[in-house]
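Visitor: I'd like a close look at a single part of this protein, please. Could you walk me through it slowly?

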Amino acid sequence: MRVHIRYSEPTAQDREVGRCDSEGFIDMALLESLLDGTDAEFYFCGPKPLLVNLYQGLLTWGVDEAQLHYEFFGPAEALQPPAQPACPFAETH
């Protein structure tokens, strides 16, 4: 197991004592630099913007959706946009 700690906004003291390995938000550039490939299970939690970014980025990288496991901070929401009907004017009467 490898651990990589990333702070979005470390303090000067955090940097001085080495509390984090890197700075910024968790993103695909970081994951691709740390991982040997997509053969893994991915577990992530956080606010919706972070989850959507990671979810879409991992899918684009070639990770199978079944390998993605996530939990929201706050109320659960869908990460995929809702499917659009073929014709927005099609309604049944």
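Which residues do ring pairs link into a cluster?

Guide: Keep in mind that this is a predicted model. The cluster you're asking about is made of Phe44, Tyr55, Tyr70 and Phe72, linked by ring pairs. If you search the whole structure, you'll find three aromatic pairs.

Tyr55 has a relative accessible area of 3%, and buried means under 20%, so Tyr55 is buried. Tyr70 comes out at 37% relative accessibility, so Tyr70 counts as partly exposed.

Next, zoom out a bit. Phe44, Tyr55 and Phe72 also belong to the largest nonpolar core, which has twelve residues, including Met28, Leu31, Leu51 and Leu79. Helix H2 (28-34), strand E3 (42-46), helix H3 (48-61) and strand E4 (68-72) each put in at least two residues. H3 gives the largest share of the core, with four residues.

Leaving out residues up to four places away in sequence, Leu51 touches Phe44, Cys45, Gly46, Tyr70, Glu71, Phe72 and Leu79.

Conventions:
Residues numbered from 1 in each chain as written. Predicted model: local features only at pLDDT ≥ 70, side-chain atom pairs only at ≥ 80, totals over all residues. Heavy atoms only, no water. Core = buried A, V, L, I, M, F, W, Y, C linked by side-chain atoms within 4.5 Å. Buried < 20%, exposed > 50% of the residue type's maximum accessible area, 1.4 Å probe, protein only. Contact = heavy atoms within 4.5 Å. Phe/Tyr/Trp six-rings, centres within 6.5 Å; stacked < 30°, edge-to-face > 60°.
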